[in-house]
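Student: I would like to learn how to read aromatic contacts in a model. Can we work through an example?

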Amino acid sequence: MKNILKYIGILLPMLFIFSCEDDKELTYAIPTNAPIVLEAENTSVNLDANYKNTPALTLVWSHADYNVQTLPSYTIQFGLNSNFENAVDVITLSNRSYTWTVEQLNNQVQAMGMPPNEIGNLFIRVVSSLGNQQQLPMTSNVVSFDMVPYVTYAFDDYYMVGNATAAGWNPNNNNQALFRDPNNENLFHFTGYFDSADAGNINEGRFKLIEILGMWQPQWGDKRPEGEDTIVAVGEVAGNPATQGGDPGRFGVPASGYYTFGINFETLSYTVTPYDASGAAVYNTIGIIGDATPNGWDSDINMMRNEAHDPHNWYAQNVTLVNGAIKFRANDDWDVNWGGTTAYSGTGTLGGDNITVTSGVYNIWFNDLTGDYQLIPQD
């Protein structure tokens with residue numbers, strides 16, 4: 001009898017343990033139905049730079065089923081090819097729709113490497129998951145859209161006008177563009193010849209800056225009003241209408257010669273520094289060459305200059321380029337050529353890298369004294 005009681009005493013706790021374990025019902029989430037991206041009626045997206053803030057594309061998808069009541073997360077993935085090589089996770093959200101504006105989509109696809117001004121294909125899919133660790137992912141079907149991105153150019157440009165320059169006081173006369181620092185969009189400079197017909201005349205050797213060719217505003221100059229703007233090597237900058245309601249004074253050079261003009265639009269300051277160009281080579285031609293040009297790497301697009309005023313600064317207007325690269329070279333020969341590593345603006349070095357460009361129509365400036373180049377889109 002004692003033995004029976006002993007066995008009963010052993011079995012009772014074990015039965016209790018098993019009965020408790022049986023009461024625990026563990027629920028496991030199981031992926032069953034992946035989200036489905038709803039096909040759009042129109043798979044061509046219009047990226048019009050004139051309507052940057054309007055909706056360009058709305059993506060909608062169905063609920064992902066994990067056989068339990070849970071709220072999945074959805075990650076939208078973009079790819080430039082159907083196998084999503086180098087895909088980008090654009091956004092993760094709990095909603096089942098998302099809309100991009102024209103500007104947002106244009107910036108996104110160009111950041112991924114879709115060339116502007118060419119038809120490109122964008123592949124989109126949605127990946128559902130659970131928890132912060134994005135567990136149990138399920139991938140939707142793939143939809144594709146075609147679009148033509150526009151050139152994204154968010155920089156300000158400045159042109160010189162005044163009797164110290166080749167353009168005179170005409171705001172639409174092949175006015176020389178300043179060269180922008182590729183590492184700081186607030187810094188601009190120009191090295192070249194400035195004329196002062198009468199160094200003793202307060203109205204000679206003068207110039208200002210405009211932003212739009214053919215228009216006097218916005219206009220930039222010395223902070224002091226005209227008549228009080230004696231010529232200085234270092235001064236303060238003002239602008240109409242940027243800093244004041246009336247026109248600012250003028251920048252100036254003390255005598256005819258070569259100078260470097262520098263301006264900082266963040267600190268609103270400028271400098272005028274003499275430059276020694278006496279030993280600089282004078283080239284017969286400067287040309288643009290590269291697979292981005294209509295002539296490819298076979299021949300140059302010759303640039304122009306106002307040789308009587310300054311033989312070292314060159315320009316070319318309305319040059320059509322495609323996605324590719326360019327360089328600048330002298331005398332239609334590779335003995336002297338300049339290249340750079342930054343788009344739109346930079347300082348080319350002798351024998352430097354090819355300059356990457358995107359397709360479009362450009363006005364182009366080049367300075368053979370400094371190697372500075374500036375490409376300004378015209379469309």
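Student: Is Phe207 buried or exposed?

Tutor: First, the ground rules. This is a predicted model: local features need pLDDT of at least 70, side-chain atom pairs count only at pLDDT 80 or more, and totals for chains, interfaces and linings use all residues. Residues are numbered from 1 along each chain as its sequence is written, and side-chain values use heavy atoms, with hydrogens and water left out. Buried means under 20% relative accessible area, exposed over 50%, partly exposed in between (1.4 Å probe, protein chains only). Phe207 has a relative accessible area of 0%, so Phe207 is buried.

Student: How do I describe a ring pair, and how many aromatic pairs does the structure hold?

Tutor: Use the distance of the centres and the angle of the planes. Rings of Phe, Tyr and Trp (its six-membered ring) pair if their centres lie within 6.5 Å; planes under 30 degrees apart count as stacked, over 60 as edge-to-face and the rest as tilted. The structure holds 28 aromatic pairs.

Student: Why is the pair of Tyr158 and Phe265 stacked?

Tutor: The ring centres of Tyr158 and Phe265 are 4.2 Å apart and the planes stand at 15 degrees, so the pair is stacked. Tyr158 is buried at 5% relative accessible area; Phe265 is buried at 13%.

Student: What kind of pair do Phe207 and Phe251 form?

Tutor: A tilted one: 5.4 Å centre to centre, with 45 degrees between the planes. Phe251 also counts as buried, at 0% relative accessibility.

Student: Which aromatic cluster includes Phe207 and Phe251?

Tutor: One cluster is formed by Phe179, Phe190, Phe194, Phe207, Phe251, Tyr259, Phe261 and Tyr270.
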